[in-house]
Amino acid sequence: MTLKINAVIITAVIIIFTVLFFVLPKDEFSENENRSLAGLPQLDWEEMLSGEDLSDISDYITDHFPFRETFVRGKTAFEIEVLKMKYVNGIYIGNDGYYIEDYVKPENTEKIIDNINEFAANINVKADFMLVPTQVSIYNDKLPQYAQPLSQLKTIEKYYSSVNANCINVYDTLTEHKDNEQLFYKLDHHWTMDGAYYAYVEYCRSKGFTPVSRDEYSVEIIKDFRGTIYSKINYSALNYGEDMKIYNKAFDLNVVYDGRESNSVYNMEYANKKDKYSIFLNNINSFIEITNNDIDSDRSLVLTKDSYANSMVPFLLNHYKKIYVFDTRSYKGAVSDFVNENNVDDVLILYNVNTIDTDTGVNIIY
């Protein structure tokens with residue numbers, strides 16, 4: 001009798017959740033995860049009947065499962081609080097409030113090296129290349145006991161020994177300053193502006209520039225930043241954010257974001273949104289042209305990059321009249337053609353080592 005009752009309850013639950021799945025409205029975007037949710041896939045009945053790739057359907061069901069956020073939070077809380085797990089959803093539960101994204105084996109290193117070298121061979125200046133280690137390397141002392149992430153340094157060494165570019169090491173300077181300043185966020189995968197500053201100093205040393213002191217900037221604090229790791233860990237006890245430091249300097253700028261004009265490399269509208277890191281360079285743009293009207297130099301820079309570079313641009317403004325920023329994931333032209341046609345002085349390729357392997361833009365960089 002008990003088995004029959006249990007079967008009835010289970011069947012009822014399945015029916016209820018199935019009905020809810022179909023009748024509840026479907027969100028297109030998850031603000032918590034800062035990503036677009038899977039859209040309704042085009043159904044091919046022959047593929048479905050044959051059992052071929054059904055990942056699109058699986059992604060759609062997973063993204064729109066009723067009360068998904070509540071279930072995920074409950075699962076994470078159980079794993080951390082009851083099972084005492086220190087590794088959840090690809091995130092290490094570290095010491096001193098650090099939640100650190102794991103680094104897994106890259107699969108596309110050789111292909112990306114070939115693409116960078118192809119790009120370097122097709123431009124008329126020597127490119128600079130900066131591959132940035134992340135928290136898992138710089139703050140490895142914050143990792144839980146017995147954590148053994150793959151070495152990012154071996155990957156960086158592979159790139160630096162193989163690419164035809166001037167390679168700029170930032171690991172040493174980040175390690176040197178990590179105990180005195182917070183160089184990476186605890187709840188986001190990016191570096192802070194202080195981390196970006198030390199990389200900027202290394203870039204200046206490589207180029208023969210004199211780096212500008214942070215004392216020349218005013219500091220603005222943005223409160224309650226809850227970044228990508230906060231969203232990925234999805235832990236109910238994480239009911240707080242952290243401070244984001246913004247360095248401001250009074251430059252007369254003309255900034256064009258995909259045709260939209262501004263006078264700043266910051267869009268402070270994002271200060272009141274969850275995606276606060278998009279303050280830097282106004283979120284995602286395929287092409288940005290920045291003109292600094294206050295600088296005497298006519299020097300120009302092409303920057304092809306991931307989002308780590310966004311928070312370093314405010315420091316680079318001190319040395320360039322023109323900075324052209326490319327997101328090659330969506331830019332339709334050839335960056336190499338732009339470099340040659342515009343007689344650009346410098347080219348910087350900047351990515352973080354954790355996501356370069358899956359970045360679609362770096363694979364079409366030239």
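**View 1. T76 within helix α4 of the predicted model.** T76 is part of helix α4, which runs over residues 68-82. Its relative accessible area is 0%, so T76 counts as buried. A polar atom of the T76 side chain lies 3.3 Å from the backbone oxygen of I233. Beyond the neighbours within four places in sequence, T76 is in contact with V88, N89, I233, N234 and Y235.

View 2. With a relative accessible area of 51%, V82 is exposed, because the cut-off for exposed is over 50%. Together with F78 and L83, V82 makes a nonpolar surface patch of about 290 Å².

**View 3. Span of helix α9 and the residue after it.** Helix α9 covers residues 193-207. Its 15 residues, at 1.5 Å a residue, should span 21 Å, and the end C-alpha atoms are 20 Å apart, which agrees. G208 follows α9 and has a positive phi, near 80°.

View 4. Twelve of the 15 residues of α9 are buried, so the helix is largely enclosed by the rest of the structure. The buried residues are M193, D194, G195, A196, Y197, Y198, A199, Y200, V201, E202, Y203 and C204. Among the elements that cover them are the strands β6 (127-132), β9 (242-248), β13 (300-305) and β15 (346-352). The helices α8 (171-177) and α11 (313-316) are also included in this cover.

How values were computed. Residues numbered from 1 in each chain as written. Predicted model: local features only at pLDDT ≥ 70, side-chain atom pairs only at ≥ 80, totals over all residues. Heavy atoms only, no water. Helix = DSSP H or I, 4+ residues; strand = E, 2+ residues; numbered from the N terminus. Buried < 20%, exposed > 50% of the residue type's maximum accessible area, 1.4 Å probe, protein only. Polar contact = N/O pair within 3.5 Å; in protein donor to acceptor, adjacent residues only side chain to side chain. Contact = heavy atoms within 4.5 Å. Patch = residues over 30% accessible without salt bridge, like charges linked within 9 Å, V, L, I, M, F, W, Y side chains within 5 Å. Areas by Shrake-Rupley, 256 points an atom, 1.4 Å probe, with all protein chains shown as cover. Salt bridge = Lys/Arg side-chain N within 4 Å of Asp/Glu carboxyl O. Expected span 1.5 Å × (residues − 1).
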